[in-house]
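Here's a quick, friendly look around a protein structure. Have the sequence and the 3D view at hand as you read.

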Amino acid sequence: SMQSNIPIVLQNRIAPISTGLYIDPFEFEPIKINAVVSMIDGDNPQIRAETIRDSLVQYFAPKNQNPKNTLKLKEIENVIRQCGIEYIQSVFFVSSSGTSFNDAILPNLWTLFKMTSLKITLVNSFNSPFEYQYNW
């Protein structure tokens with residue numbers, strides 16, 4: 001066997017190391033997002049809102065996040081921009097207290113963002129708003 005080729009001194013050390021490996025669970029920092037975007041004429045607002053929602057859900061999936069200290073609003077805008085909209089009017093984060101801010105900062109490297117709320121307002125060329133609210 002392969003283990004018999006390993007010196008006795010090392011054999012005793014291998015098992016405890018291999019069974020001692022585990023991954024610490026991440027903590028999650030809740031984040032709410034508000035977006036107001038102009039839609040392309042003739043587009044279906046519900047389908048567009050769901051496309052934006054799905055793209056952001058994918059963006060915030062833990063496997064796609066690298067623990068870092070800040071979440072840049074520009075990154076979120078880029079995700080939304082790629083969802084087939086005319087242009088972005090405004091995007092901002094909303095804190096638990098209800099104040100809006102631009103970039104979100106994580107307390108440490110063991111924390112990831114968790115999108116708990118997404119409000120999308122799609123505006124057509126007649127300035128009619130279509131509002132969609134998603135909560136998790």
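## Strands and a hairpin

First, keep in mind that this is a predicted model. Start with strand β1, which covers residues 27-38 and runs antiparallel to strand β3, residues 87-94. If you want a spot to look at, find K32, which stands opposite V94 in β3.

β3 also pairs with strand β4 (residues 100-101), again in the antiparallel sense, over two bridges. Here F93 has F101 in β4 as its bridge partner. Together β3 and β4 make a hairpin, with five residues between them. In that turn, G98 has a positive phi of about 100°.

## Around T116

Now hop over to strand β6, residues 111-123, where you'll find T116. Is T116 buried or exposed? With a relative accessible area of 17%, T116 is buried, because the cut-off for that is under 20%.

Who does T116 touch? Leaving out neighbours within four places in sequence, T116 is in contact with P30, I31 and K32, and also with Y134, N135 and W136.

## Rings and a charge

The structure has two aromatic pairs. One of them is Y59 with F60: the ring centres are 5.2 Å apart and the planes sit at 85°, so this pair is edge-to-face. Y59 is partly exposed at 22% relative accessibility, whereas F60 is buried at 6%.

Notes: Residues are numbered from 1 along each chain as its sequence is written. This is a predicted model: local features need pLDDT of at least 70, side-chain atom pairs count only at pLDDT 80 or more; totals for chains, interfaces and linings use all residues. Side-chain values use heavy atoms; hydrogens and water are left out. Two strands pair if DSSP finds at least two bridges between them. Helices (H or I, at least four residues) and strands (E, at least two) are DSSP runs, numbered from the N terminus. Buried means under 20% relative accessible area, exposed over 50%, partly exposed in between (1.4 Å probe, protein chains only). Contact means heavy atoms within 4.5 Å. Rings of Phe, Tyr and Trp (its six-membered ring) pair if their centres lie within 6.5 Å; planes under 30 degrees apart count as stacked, over 60 as edge-to-face and the rest as tilted.
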